[in-house]
Amino acid sequence: MSAKSILEADGKAILNYHLTRSQLIKPSPLPPPTTHNPPPRLASIYFPADASVSAVLDQAEIMHPWLLQRDVRLVAKPDQLIKRRGKSGLLALNKTWEEAREWIAQRAGNLQKVEHVEGYLRRFLVEPFCPHESNEEYYININSVREGDWILFTHEGGVDVGDVDEKAEKILIPVDLSEYPSNAEIAATLLKKVPKGVHNVLVDFISRLYAVYVECQFTYLEINPLVVIPNADKTSASVHFLDLAAKLDQTAEFECGVKWAIARSPAALGLPVAPATSKATKVTIDAGPPMEFPAPFGREMSKEEAYIAEMDAKTGASLKLTILNSQGRVWTLVAGGGASVVYADAIASAGFAGELANYGEYSGAPTETQTFHYAKTVLDLMLRAPQHSEGKVLFIGGGIANFTNVASTFKGVIRALREVAPQLNEHKVQIWVRRAGPNYQEGLRNIKAVGQELGLNMHVFGPDMHVSGIVPLALQGKTTTIPEFST
Amino acid sequence: MPSTAPTNGASPAQQNLSANDNILRFSAPSRPLSPPAEHTLFHPKTRCFVYGMQPRAVQGMLDFDFICKRKTPSVAGIIYTFGGQFVSKMYWGTSETLLPVYQSVEKAMAKHSDVDTVVNFASSRSVYSSTMELMECPQIRSIAIIAEGVPERRAREILHVAKKKGITIIGPATVGGIKPGAFKIGNTGGMMDNIVASKLYRPGSVAYVSKSGGMSNELNNIISQNADGVYEGVAIGGDRYPGTSFIEHMLRYQADPACKILLLLGEVGGVEEYRVIEAVKAGQITKPIVAWAIGTVAGMLKTEVQFGHAGSFANSQLETATVKNQSMRDAGFFVPDTFEDLPSTLAQVYQKLVKDGTIKPKPEVQVPKIPMDYSWASELGLIRKPAAFISTISDDRGQELLYAGMPISDVFKENIGIGGVMSLLWFRRRLPDYASKFLEMVLMLTADHGPAVSGAMNTIITTRAGKDLVSALVSGLLTIGSRFGGALDGAAEEFTKAYDKGLSPRDFVDSMRKENKLIPGIGHRIKSRNNPDLRVELVKSYVLKNFPSSGLLQYALAVETVTTSKKDNLILNVDGCIAVCFVDLLRSCGAFSAEEAEDYLKMGVLNGLFVLGRSIGLIAHYLDQKRLKTGLYRHPWDDVMYMMPDIKQPGGVGGGRVEVSV
């Protein structure tokens with residue numbers, strides 16, 4: 001759990017809903033709004049791997065009837081945490097629905113290369129097109145640091161915004177919000193280069209945006225371009241956020257989950273509400289759907305990863321699994337958030353970064369059964385990939401635990417090993433074990449006994465061995481004077 | 001408490017020793033301690049509160065204190081707002097001590113003015129409010145926050161206030177830290193055997209700061225093997241905004257003359273390592289630093305990976321482990337090529353300092369022994385003890401509840417019904433389906449028999465007196481005995497005895513009459529041979545159809561033929577019928593040996609059937625009365641005959657006895 005990126009559609013929905021509702025930190029120069037924003041026009045269209053593209057699009061027309069309005073001009077783009085979409089040709093501007101539909105249909109489900117990452121395009125966002133001049137494109141970014149939140153602003157936004165750290169005006173809002181700057185200060189720092197007439201509108205917008213940022217516990221929010229269209233006599237303006245990237249603090253779910261959910265409820269989005277059919281309707285804990293945190297572009301979450309993530313979310317223990325290369329030769333089953341990184345480092349520095357199949361860890365005293373399911377998942381993935389002429393390597397590693405009972409977590413690992421013992425030998429899997437901590441003696445004794453009983457190619461070490469000392473032994477054929485664990 | 005009277009299980013030799021005699025009590029210091037130096041966070045007299053009920057962690061801290069030869073435990077008390085308990089009993093070496101448990105922070109602080117540290121085990125949801133409250137107390141100098149998953153904004157608010165007040169925060173998302181010979185936060189350092197193995201009971205010369213708690217224990221081990229041991233170690237936690245970071249602790253270590261080597265274990269993500277580099281460049285830190293940043297793998301992977309720690313994610317090139325390691329190397333830190341080489345790098349630095357006289361290795365001290373905890377020793381399989389209780393029918397310890405070995409999910413998968421559950425729990429075996437069905441049938445038939453019978457009457461009266469469900473149910477059940485409901489046991493006994501002796505039905509009836517005994521299970525108030533009890537007919541036909549043998553039922557029916565020939569209503573009643581059929585079941589279903597069948601009858605299992613079945617009806621009567629909102633029942637006077645003895649007459653009526661002649 002940490003700060004996680006969210007879909008552009010979700011970010012926009014949250015802003016649209018909460019901009020007028022969040023409590024301002026200090027009064028804005030404009031009178032409080034008398035009405036709330038209407039539901040946003042956000043058609044977030046998802047194409048599952050096995051669904052027909054045209055059927056999904058047909059359904060989208062039903063869910064978002066405004067797509068079919070006469071003379072509607074639209075923007076279409078993938079919504080998958082892809083940066084600089086415009087530069088990769090992944091932005092369709094000023095299209096009719098027919099054109100946008102066609103544009104999406106050509107791309108949905110396709111493998112797409114963005115910079116050096118490849119991934120499938122599965123989720124698109126369609127919105128009304130907002131005609132504007134290029135000198136009306138601004139840029140705003142809020143990001144959190146230890147001392148507070150930086151607001152970066154420049155009047156030269158747009159696709160070619162360039163190095164914002166260099167050119168943007170900045171202001172640090174301290175953590176202690178009683179020290180929040182005055183409207184005059186905000187205008188003087190951020191809006192130096194902006195026509196005076198739109199200052200009030202922009203200060204109001206920035207104040208509201210920041211209030212949402214705080215209230216909904218964003219950790220990052222970037223809008224580029226932020227379009228500010230002044231009225232004829234340049235005394236006021238309308239503000240539109242065209243492109244948005246955001247991260248929320250997932251750990252704040254217990255405080256903000258309600259706010260994240262309600263902004264994305266069908267009512268807030270103006271979607272037709274499906275009739276509450278008796279059995280099929282699932283009751284969610286809040287007024288809307290729980291927040292989704294999509295995997296980064298190019299790394300679709302596999303069934304196994306989702307399974308572990310679900311188990312992780314449901315228990316106090318920590319269980320993590322990321323598949324890096326399902327065909328890799330080197331697999332890890334490591335306990336501890338720090339030790340797991342150390343293992344990955346050691347494997348990479350031995351020259352096997354490309355062969356590293358997974359990153360993962362289990363910690364926080366998981367039960368025997370949780371460890372079993374975790375280990376089983378990793379072993380299944382390892383044995384599902386085709387055999388390799390040089391065999392495979394499995395590290396069952398970990399540091400010296402502080403309070404996890406090693407014997408009981410190892411029982412889970414051992415159960416998983418037993419289930420797949422014949423395949424382990426078929427795939428010529430070398431198993432290297434290093435672990436210590438409460439009751440490690442019994443844990444290591446048991447796993448060693450099982451290794452011998454099942455005839456596995458296994459080496460077992462205790463705390464005398466350096467935490468990741470088994471990696472060079474296994475991968476680079478180095479030798480050691482430290483004896484293997486024996487009873 | 002009197003010092004005699006051994007409690008159960010105490011050995012006779014200790015008869016004059018009460019448990020109380022083995023409890024040590026520690027008084028507060030007579031005068032306030034002189035304030036510690038600015039750079040000293042923990043010292044051998046540090047006293048703390050543990051926030052949250054964490055007996056295992058507290059015991060670990062007390063054990064650590066004991067082997068460090070502290071005079072008083074480091075934990076002054078426990079703050080547990082969910083309260084209820086006033087003291088918590090802990091071991092102090094081989095004796096015991098009582099730690100006070102406070103429900104409010106304010107009270108705890110008022111009682112212990114010498115406490116300046118809190119180990120906060122509150123959950124990620126409540127840690128913000130509790131830490132904010134703790135920081136209101138002027139005596140608090142440092143707080144360790146253990147919880148993982150504290151919202152980043154809340155963590156920043158905590159550290160902002162802490163900075164203003166000069167409070168040191170360790171964490172969130174950490175195991176804590178340790179100062180050998182002085183103080184240990186929570187679970188840091190693991191179990192006693194590891195603390196002894198890594199020599200954490202006495203100070204060395206190497207002080208470290210690490211992000212990861214798990215890796216801090218690894219560092220304890222590395223330092224004890226490659227240098228003279230740990231002087232102090234802090235795990236700042238893996239979150240994005242740790243309350244204190246590397247630099248704060250590194251500066252403390254620099255200022256502390258007893259600390260000779262600094263060790264920094266950084267990580268991909270964040271820029272905190274650079275602040276240490278700046279301090280070195282500015283000449284604020286002059287002691288040798290051995291350092292490594294983990295997460296060098298990140299740059300070699302194709303996609304971005306969120307590692308185990310929330311903060312371990314590089315947002316820029318500067319935040320990658322590789323650049324950090326190079327920058328630290330350039331600044332003159334001792335940075336190995338890989339983490340695996342860190343021990344030898346440390347050993348080299350240490351040997352150099354020993355050679356030039358900066359470090360003078362001290363002689364090893366004797367380690368006091370701590371007895372192993374009973375629970376841990378038994379987990380390790382080192383000890384055994386006879387159990388005071390045995391249970392052979394259900395087990396709730398595993399992942400799944402077991403009924404006589406059958407997992408509860410199978411109970412539903414195989415749909416064994418309440419009869420199946422009864423057979424598992426009562427008889428510890430699966431009975432054939434027809435037998436389970438029979439048990440269910442008995443429950444259904446005995447469930448209720450109207451409001452007028454004694455059990456239901458009692459329940460109704462108790463309910464109307466305003467009592468709760470359990471009281472009303474129990475008052476009804478208590479009437480069950482040889483007169484009410486008990487006919488089942490009696491019938492089973494008499495019929496079986498006669499049948500097994502080989503008495504013919506007629507002989508049986510005759511012998512009972514000679515003994516002036518009624519035959520239990522025979523006779524009904526209204527029903528007769530021509531007006532049969534349908535309940536009996538149901539049981540009879542089921543048993544005759546499904547049971548492999550029904551010898552005793554046949555016998556009882558023959559007895560009925562004899563008795564009904566005397567009087568029409570002397571039929572086999574429902575109690576008798578159930579009783580004999582149940583005996584047939586025990587004897588013929590093949591699941592029981594003859595001896596077992598006998599034993600179950602003796603144990604009164606038939607009565608159990610009636611009690612269980614009738615509980616359904618009694619609860620129904622309770623609910624019925626509640627639903628009707630009936631008031632207190634008072635029996636009318638005119639329904640009681642009052643007959644008082646005349647005490648004025650000597651000897652009263654009939655010499656003091658009340659005689660009733662009808």
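This report looks at a sheet and an annotated span in chain A, then at one helix in chain B. The model is predicted.

## A parallel sheet in chain A

Strands of a sheet pair through backbone hydrogen bonds, either parallel or antiparallel. In chain A, four strands line up in the order β15-β17-β18-β19. They form an open sheet, and the pairing is parallel. The edges are held by β15 (330-332) and β19 (457-461) of chain A. Each has a single partner strand, so one side of each is left without a neighbour in the sheet. Neighbouring strands here are turned by 15 degrees against each other on average, direction ignored.

Look next at β17 (residues 392-396) and β18 (residues 429-434) of chain A. These two pair in the parallel sense over five bridges.

## An annotated span in chain A

An unreviewed UniProt entry lists residues 2-260 of chain A as "domain: ATP-citrate synthase ATP-grasp". In the model, this span is 27% helix and 29% strand. Its end C-alpha atoms lie 16 Å apart.

## Helix α14 in chain B

Helix α14 of chain B covers residues 433-446, which makes 14 residues. From first C-alpha to last it reaches 20 Å, close to the 20 Å expected at 1.5 Å a residue.

Which residues of α14(B) are buried? They are B:Ala435, B:Ser436, B:Phe438, B:Leu439, B:Met441, B:Val442 and B:Thr446. These buried residues pack against four helices of chain B: α13 (417-427), α19 (534-546), α21 (574-588) and α23 (605-628). An α-helix has 3.6 residues a turn, so residues three or four places apart point the same way.

Definitions and conventions. Residues numbered from 1 in each chain as written. Chains lettered and ligands numbered in written order. Predicted model: local features only at pLDDT ≥ 70, side-chain atom pairs only at ≥ 80, totals over all residues. Pairing = 2+ DSSP bridges. Axes fitted to C-alpha atoms, helices over the stretch in contact; angles between N-to-C directions. UniProt positions renumbered as here; feature names shortened; annotations may be inferred. Expected span 1.5 Å × (residues − 1). Buried ≥ 20, exposed ≤ 12 C-beta atoms within 10 Å, placed from the backbone. Contact = placed C-beta atoms within 7 Å.
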